[in-house]
Amino acid sequence: MKLVGFFNKDGGTFRTTDMEAYERQAEATFREAGHDFEAIVFPGKEIVPAMERAARRDDIDGIVAGGGDGTISAAASIAWKNGVALGVIPAGTMNLFARSLKVPLDIWQALDTLAFGEVDHVDIASANGRPFIHQFSAGLHARMVRYRNSYSFRSRLGKMRASTRAAFGVVMNPPEFEVEFEALGVSERRRVSAVSVSNNPFGENALLYADNLRSGELGFYTAKPLRPMGVARLAFDMLRGKVRDNADVMVMHPAEVHLHFPKMRAKSNCVMDGELLPLERDIRLQLHPEELKVLVRQGLAAQNDETERREPAA
(Lines give C-alpha, C1' and ligand atoms only; values in the text may rest on other atoms or scores of the structure.)
Protein backbone atom coordinates (compact mmCIF):
# COMPACT_ATOMS: atom_id res chain seq x y z
CA MET A 1 0.00 0.00 0.00
CA LYS A 2 1.01 3.61 -0.49
CA LEU A 3 0.65 5.25 2.91
CA VAL A 4 1.49 8.60 4.46
CA GLY A 5 2.03 8.98 8.20
CA PHE A 6 0.96 12.14 10.04
CA PHE A 7 2.26 12.51 13.58
CA ASN A 8 1.02 15.28 15.87
CA LYS A 9 4.08 16.32 17.85
CA ASP A 10 1.85 18.25 20.29
CA GLY A 11 -0.19 15.18 21.18
CA GLY A 12 0.27 13.37 24.49
CA THR A 13 3.08 10.81 24.29
CA PHE A 14 4.70 12.51 21.31
CA ARG A 15 5.52 15.58 23.41
CA THR A 16 8.20 13.58 25.22
CA THR A 17 9.27 11.46 22.23
CA ASP A 18 12.29 11.99 19.97
CA MET A 19 10.16 12.60 16.90
CA GLU A 20 13.04 12.40 14.43
CA ALA A 21 13.87 8.94 15.73
CA TYR A 22 10.22 7.92 15.67
CA GLU A 23 9.79 9.17 12.11
CA ARG A 24 12.82 7.14 10.98
CA GLN A 25 11.58 4.01 12.77
CA ALA A 26 8.10 4.36 11.29
CA GLU A 27 9.44 4.63 7.75
CA ALA A 28 11.81 1.70 8.25
CA THR A 29 9.09 -0.52 9.74
CA PHE A 30 6.47 0.12 7.06
CA ARG A 31 8.98 -0.18 4.23
CA GLU A 32 10.23 -3.47 5.67
CA ALA A 33 6.63 -4.70 5.49
CA GLY A 34 6.55 -3.80 1.78
CA HIS A 35 4.67 -0.51 1.89
CA ASP A 36 5.49 2.75 0.12
CA PHE A 37 5.55 4.92 3.23
CA GLU A 38 6.47 8.48 4.13
CA ALA A 39 6.18 9.93 7.65
CA ILE A 40 5.74 13.63 8.41
CA VAL A 41 5.68 15.35 11.81
CA PHE A 42 3.30 18.30 12.19
CA PRO A 43 2.30 20.68 14.97
CA GLY A 44 -1.28 20.14 16.08
CA LYS A 45 -2.79 23.12 14.26
CA GLU A 46 -1.37 21.99 10.89
CA ILE A 47 -2.04 18.25 10.90
CA VAL A 48 -5.71 18.17 9.89
CA PRO A 49 -5.32 20.34 6.74
CA ALA A 50 -2.29 18.22 5.77
CA MET A 51 -4.28 14.98 6.12
CA GLU A 52 -7.13 16.45 4.08
CA ARG A 53 -4.78 17.37 1.25
CA ALA A 54 -3.14 13.95 1.23
CA ALA A 55 -6.39 11.97 1.34
CA ARG A 56 -7.62 13.72 -1.81
CA ARG A 57 -4.65 12.44 -3.79
CA ASP A 58 -5.35 9.66 -6.30
CA ASP A 59 -2.17 7.75 -5.46
CA ILE A 60 -2.80 7.30 -1.70
CA ASP A 61 -4.23 4.06 -0.27
CA GLY A 62 -4.33 5.21 3.32
CA ILE A 63 -3.12 7.51 6.08
CA VAL A 64 -1.51 6.61 9.40
CA ALA A 65 -2.40 9.14 12.08
CA GLY A 66 -0.59 9.52 15.38
CA GLY A 67 -1.92 11.71 18.18
CA GLY A 68 -4.71 12.04 20.72
CA ASP A 69 -8.37 11.20 20.30
CA GLY A 70 -9.06 14.54 18.60
CA THR A 71 -6.44 13.90 15.92
CA ILE A 72 -7.66 10.33 15.40
CA SER A 73 -11.29 11.42 15.14
CA ALA A 74 -10.38 14.00 12.48
CA ALA A 75 -8.30 11.42 10.62
CA ALA A 76 -11.17 8.91 10.66
CA SER A 77 -13.54 11.51 9.23
CA ILE A 78 -11.08 12.31 6.44
CA ALA A 79 -10.40 8.64 5.68
CA TRP A 80 -14.13 7.82 5.56
CA LYS A 81 -15.04 10.71 3.29
CA ASN A 82 -12.21 9.89 0.86
CA GLY A 83 -12.49 6.10 0.95
CA VAL A 84 -8.93 5.46 2.14
CA ALA A 85 -7.69 3.26 4.97
CA LEU A 86 -6.77 4.57 8.42
CA GLY A 87 -3.98 3.41 10.70
CA VAL A 88 -4.08 4.59 14.33
CA ILE A 89 -0.99 5.35 16.44
CA PRO A 90 -2.30 5.92 20.00
CA ALA A 91 -0.34 8.89 21.35
CA GLY A 92 -3.07 10.53 23.41
CA THR A 93 -4.44 10.34 26.94
CA MET A 94 -7.38 7.93 26.52
CA ASN A 95 -6.81 6.41 23.05
CA LEU A 96 -10.39 5.12 22.94
CA PHE A 97 -10.59 4.21 19.24
CA ALA A 98 -7.23 2.44 19.38
CA ARG A 99 -8.52 0.36 22.31
CA SER A 100 -11.61 -0.61 20.30
CA LEU A 101 -9.37 -1.61 17.39
CA LYS A 102 -7.08 -3.53 19.78
CA VAL A 103 -4.02 -1.60 18.62
CA PRO A 104 -1.14 -1.77 21.17
CA LEU A 105 -1.04 1.38 23.30
CA ASP A 106 2.76 1.48 23.07
CA ILE A 107 3.52 3.80 20.14
CA TRP A 108 6.55 1.73 19.05
CA GLN A 109 4.72 -1.60 19.14
CA ALA A 110 1.83 -0.05 17.23
CA LEU A 111 4.12 0.50 14.24
CA ASP A 112 4.81 -3.23 13.84
CA THR A 113 1.13 -4.13 14.34
CA LEU A 114 -0.08 -1.75 11.63
CA ALA A 115 2.76 -2.26 9.17
CA PHE A 116 2.41 -6.06 9.20
CA GLY A 117 -1.36 -5.99 9.71
CA GLU A 118 -4.34 -6.07 7.37
CA VAL A 119 -7.28 -3.91 6.29
CA ASP A 120 -10.61 -4.42 8.05
CA HIS A 121 -13.93 -2.58 7.77
CA VAL A 122 -15.61 -1.11 10.87
CA ASP A 123 -18.65 1.03 11.63
CA ILE A 124 -18.62 4.81 11.85
CA ALA A 125 -21.47 7.06 13.02
CA SER A 126 -22.62 10.57 12.15
CA ALA A 127 -24.65 13.40 13.70
CA ASN A 128 -26.34 15.57 11.07
CA GLY A 129 -23.75 14.32 8.62
CA ARG A 130 -20.73 15.00 10.83
CA PRO A 131 -18.89 11.70 11.45
CA PHE A 132 -17.76 10.49 14.85
CA ILE A 133 -15.98 7.32 15.96
CA HIS A 134 -16.67 7.37 19.70
CA GLN A 135 -19.72 9.27 20.94
CA PHE A 136 -22.08 12.22 20.80
CA SER A 137 -23.33 13.47 24.17
CA ALA A 138 -25.26 16.30 25.78
CA GLY A 139 -25.86 17.14 29.41
CA LEU A 140 -23.48 15.77 32.04
CA HIS A 141 -20.58 15.09 29.70
CA ALA A 142 -20.86 18.40 27.86
CA ARG A 143 -20.97 20.32 31.14
CA MET A 144 -17.90 18.46 32.42
CA VAL A 145 -15.92 19.25 29.25
CA ARG A 146 -16.97 22.89 29.46
CA TYR A 147 -15.81 23.06 33.08
CA ARG A 148 -12.55 21.30 32.20
CA ASN A 149 -11.84 23.66 29.31
CA SER A 150 -12.17 26.62 31.67
CA TYR A 151 -9.09 25.39 33.58
CA SER A 152 -5.57 25.82 32.25
CA PHE A 153 -3.32 22.78 31.80
CA ARG A 154 -0.24 21.99 29.69
CA SER A 155 0.39 18.30 30.28
CA ARG A 156 -1.42 14.97 30.36
CA LEU A 157 -1.29 15.02 34.16
CA GLY A 158 -2.64 18.57 34.18
CA LYS A 159 -5.51 17.52 31.89
CA MET A 160 -6.35 14.64 34.22
CA ARG A 161 -6.38 16.99 37.22
CA ALA A 162 -8.61 19.43 35.36
CA SER A 163 -10.96 16.57 34.42
CA THR A 164 -11.18 15.51 38.06
CA ARG A 165 -12.05 19.05 39.16
CA ALA A 166 -14.62 19.31 36.38
CA ALA A 167 -16.20 15.97 37.30
CA PHE A 168 -16.58 17.07 40.91
CA GLY A 169 -18.19 20.32 39.73
CA VAL A 170 -20.74 18.38 37.64
CA VAL A 171 -21.57 16.08 40.56
CA MET A 172 -22.46 19.12 42.64
CA ASN A 173 -24.35 20.88 39.82
CA PRO A 174 -25.89 18.36 37.38
CA PRO A 175 -27.89 19.67 34.41
CA GLU A 176 -31.55 18.89 33.70
CA PHE A 177 -33.34 19.37 30.37
CA GLU A 178 -35.99 17.94 28.05
CA VAL A 179 -35.39 15.77 25.00
CA GLU A 180 -37.69 14.13 22.47
CA PHE A 181 -36.40 11.04 20.69
CA GLU A 182 -37.40 8.53 18.03
CA ALA A 183 -35.64 5.17 17.94
CA LEU A 184 -36.68 1.60 17.12
CA GLY A 185 -40.24 2.75 16.49
CA VAL A 186 -40.48 4.43 19.89
CA SER A 187 -41.28 8.15 20.23
CA GLU A 188 -40.97 9.69 23.65
CA ARG A 189 -40.37 12.94 25.50
CA ARG A 190 -38.23 12.76 28.62
CA ARG A 191 -36.66 15.01 31.20
CA VAL A 192 -33.02 13.94 31.57
CA SER A 193 -29.60 14.87 32.90
CA ALA A 194 -27.68 13.19 30.09
CA VAL A 195 -28.02 11.88 26.54
CA SER A 196 -25.31 9.85 24.86
CA VAL A 197 -25.13 8.08 21.51
CA SER A 198 -22.09 5.93 20.83
CA ASN A 199 -20.61 4.36 17.71
CA ASN A 200 -21.53 0.79 18.72
CA PRO A 201 -22.61 0.04 22.30
CA PHE A 202 -20.13 0.61 25.11
CA GLY A 203 -18.37 -2.46 26.44
CA GLU A 204 -18.02 -3.34 30.10
CA ASN A 205 -15.02 -1.11 30.74
CA ALA A 206 -14.37 2.00 32.83
CA LEU A 207 -13.39 4.19 29.84
CA LEU A 208 -16.66 3.60 27.95
CA TYR A 209 -15.38 2.45 24.57
CA ALA A 210 -16.89 -0.14 22.24
CA ASP A 211 -15.53 -3.68 22.38
CA ASN A 212 -17.00 -4.43 18.96
CA LEU A 213 -17.00 -1.91 16.10
CA ARG A 214 -19.01 -4.06 13.71
CA SER A 215 -22.27 -4.66 15.58
CA GLY A 216 -24.28 -2.47 13.18
CA GLU A 217 -25.86 -0.70 16.17
CA LEU A 218 -25.58 2.58 18.01
CA GLY A 219 -25.54 2.70 21.78
CA PHE A 220 -28.29 5.10 22.90
CA TYR A 221 -28.27 6.10 26.57
CA THR A 222 -30.33 8.57 28.59
CA ALA A 223 -30.09 9.28 32.33
CA LYS A 224 -33.05 10.47 34.39
CA PRO A 225 -32.80 13.85 36.17
CA LEU A 226 -30.09 13.31 38.77
CA ARG A 227 -29.15 14.87 42.07
CA PRO A 228 -25.55 14.85 43.35
CA MET A 229 -25.88 11.39 44.92
CA GLY A 230 -27.35 10.00 41.70
CA VAL A 231 -24.50 11.43 39.64
CA ALA A 232 -22.03 9.89 42.09
CA ARG A 233 -23.71 6.48 41.75
CA LEU A 234 -23.63 6.79 37.96
CA ALA A 235 -19.93 7.69 38.06
CA PHE A 236 -19.26 4.66 40.28
CA ASP A 237 -21.09 2.35 37.86
CA MET A 238 -19.13 3.86 34.96
CA LEU A 239 -15.86 3.09 36.73
CA ARG A 240 -17.05 -0.50 37.17
CA GLY A 241 -18.07 -0.75 33.50
CA LYS A 242 -21.67 -1.33 34.61
CA VAL A 243 -23.53 1.65 33.15
CA ARG A 244 -26.31 -0.52 31.77
CA ASP A 245 -27.00 -1.82 35.31
CA ASN A 246 -27.70 1.66 36.67
CA ALA A 247 -31.41 2.04 37.46
CA ASP A 248 -31.43 5.66 36.23
CA VAL A 249 -30.10 4.82 32.76
CA MET A 250 -32.18 3.76 29.75
CA VAL A 251 -30.29 1.79 27.07
CA MET A 252 -31.34 1.11 23.47
CA HIS A 253 -29.41 -0.26 20.47
CA PRO A 254 -30.89 1.31 17.32
CA ALA A 255 -29.21 1.96 13.99
CA GLU A 256 -30.63 5.50 13.90
CA VAL A 257 -31.83 8.02 16.49
CA HIS A 258 -33.61 11.35 16.02
CA LEU A 259 -33.25 13.87 18.85
CA HIS A 260 -35.14 17.11 19.40
CA PHE A 261 -34.44 19.57 22.23
CA PRO A 262 -37.68 21.57 22.62
CA LYS A 263 -36.51 23.99 25.30
CA MET A 264 -32.87 24.35 24.41
CA ARG A 265 -31.08 27.23 26.06
CA ALA A 266 -28.94 29.68 24.12
CA LYS A 267 -25.31 28.60 23.83
CA SER A 268 -26.09 24.99 24.76
CA ASN A 269 -23.28 22.56 24.02
CA CYS A 270 -22.73 18.97 23.01
CA VAL A 271 -19.57 16.87 22.82
CA MET A 272 -18.50 14.85 19.80
CA ASP A 273 -15.39 12.71 20.21
CA GLY A 274 -14.22 14.96 23.03
CA GLU A 275 -14.76 18.26 21.17
CA LEU A 276 -17.17 20.81 22.66
CA LEU A 277 -19.55 22.06 19.97
CA PRO A 278 -22.77 24.11 19.76
CA LEU A 279 -25.84 21.91 20.26
CA GLU A 280 -28.35 21.86 17.41
CA ARG A 281 -32.06 21.70 18.22
CA ASP A 282 -32.69 18.72 15.90
CA ILE A 283 -30.13 15.98 15.37
CA ARG A 284 -30.20 12.83 13.26
CA LEU A 285 -27.69 10.23 14.42
CA GLN A 286 -27.07 7.20 12.27
CA LEU A 287 -24.66 4.32 11.91
CA HIS A 288 -22.77 3.61 8.70
CA PRO A 289 -22.00 -0.13 8.92
CA GLU A 290 -18.47 -1.19 7.96
CA GLU A 291 -17.85 1.96 5.90
CA LEU A 292 -14.53 2.89 7.53
CA LYS A 293 -11.41 1.02 6.38
CA VAL A 294 -8.82 0.54 9.14
CA LEU A 295 -5.47 -1.17 9.62
CA VAL A 296 -5.60 -3.85 12.31
CA ARG A 297 -3.47 -6.69 13.63
CA GLN A 298 -3.00 -9.57 11.18
CA GLY A 299 -5.76 -12.13 11.71
CA LEU A 300 -8.01 -9.84 13.77
CA ALA A 301 -10.63 -9.47 11.01
CA ALA A 302 -11.11 -13.26 10.78
CA GLN A 303 -11.25 -13.46 14.57
CA ASN A 304 -13.94 -10.78 14.65
CA ASP A 305 -15.94 -12.62 11.98
CA GLU A 306 -15.86 -15.80 14.06
CA THR A 307 -16.94 -13.92 17.21
CA GLU A 308 -19.86 -12.33 15.35
CA ARG A 309 -21.05 -15.74 14.17
CA ARG A 310 -20.97 -17.07 17.73
CA GLU A 311 -22.49 -13.95 19.32
CA PRO A 312 -24.96 -12.19 16.98
CA ALA A 313 -25.80 -8.57 17.75
CA ALA A 314 -28.65 -8.01 20.22
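Biologist: What is the order of the strands in the open sheet of 6 strands?

Modeller: This is a predicted model, in which local features need pLDDT of at least 70, side-chain atom pairs count only at pLDDT 80 or more, and totals for chains, interfaces and linings use all residues. Residues are numbered from 1 along each chain as its sequence is written, and side-chain values use heavy atoms, with hydrogens and water left out. Helices (H or I, at least four residues) and strands (E, at least two) are DSSP runs numbered from the N terminus, and two strands pair if DSSP finds at least two bridges between them. With antiparallel pairing, the order is β12-β11-β10-β7-β14-β15.

Biologist: Which are the edge strands?

Modeller: An edge strand here pairs on one side only. The twist from one strand to the next averages 20°, where angles run from 0 to 180 degrees between N-to-C directions and axes are lines fitted to C-alpha atoms, for helices over the stretch in contact. The edge strands are β12 (249-252) and β15 (275-278).

Biologist: Which residue in β15 stands opposite N269?

Modeller: Strand β14 (residues 269-272) runs antiparallel to β15, and 4 bridges join them. Opposite N269 stands P278.

Biologist: What angle does the direction of helix α6 make with that of β7?

Modeller: Helix α6 (residues 140-149) packs on the sheet and touches β7 (135-139), β10 (194-199), β14 and β15; contact means heavy atoms within 4.5 Å. Its direction makes with that of β7 an angle of about 85°.

Biologist: How are α2 and α3 oriented to each other, roughly parallel or roughly antiparallel?

Modeller: The axes of helix α2 (residues 44-55) and helix α3 (residues 69-82) come within 10 Å and cross at roughly 20°. Angles under 35 degrees count as roughly parallel, over 145 as roughly antiparallel, 65 to 115 as roughly perpendicular and the rest as oblique. The two helices α2 and α3 are therefore roughly parallel.

Biologist: Which residues in α3 are met by I47, V48, M51, E52 and A55 in α2?

Modeller: By class, this contact of α2 with α3 has 7 nonpolar, 2 polar and 1 charged residues. Ala, Val, Leu, Ile, Met, Phe, Trp, Tyr, Cys and Pro count as nonpolar, Asp, Glu, Lys and Arg as charged, and the others, Gly among them, as polar. On the α3 side the residues are T71, A74, A75, I78 and N82.

Biologist: How many residues apart in sequence are the parts that Y22 and W108 tie together?

Modeller: Rings of Phe, Tyr and Trp (its six-membered ring) pair if their centres lie within 6.5 Å; planes under 30 degrees apart count as stacked, over 60 as edge-to-face and the rest as tilted. Y22 and W108 are edge-to-face, at 4.9 Å centre to centre and 75° between the planes. Y22 lies in helix α1 (residues 19-32) and W108 in helix α5 (residues 107-115), so the parts tied together are apart in sequence by 86 residues.
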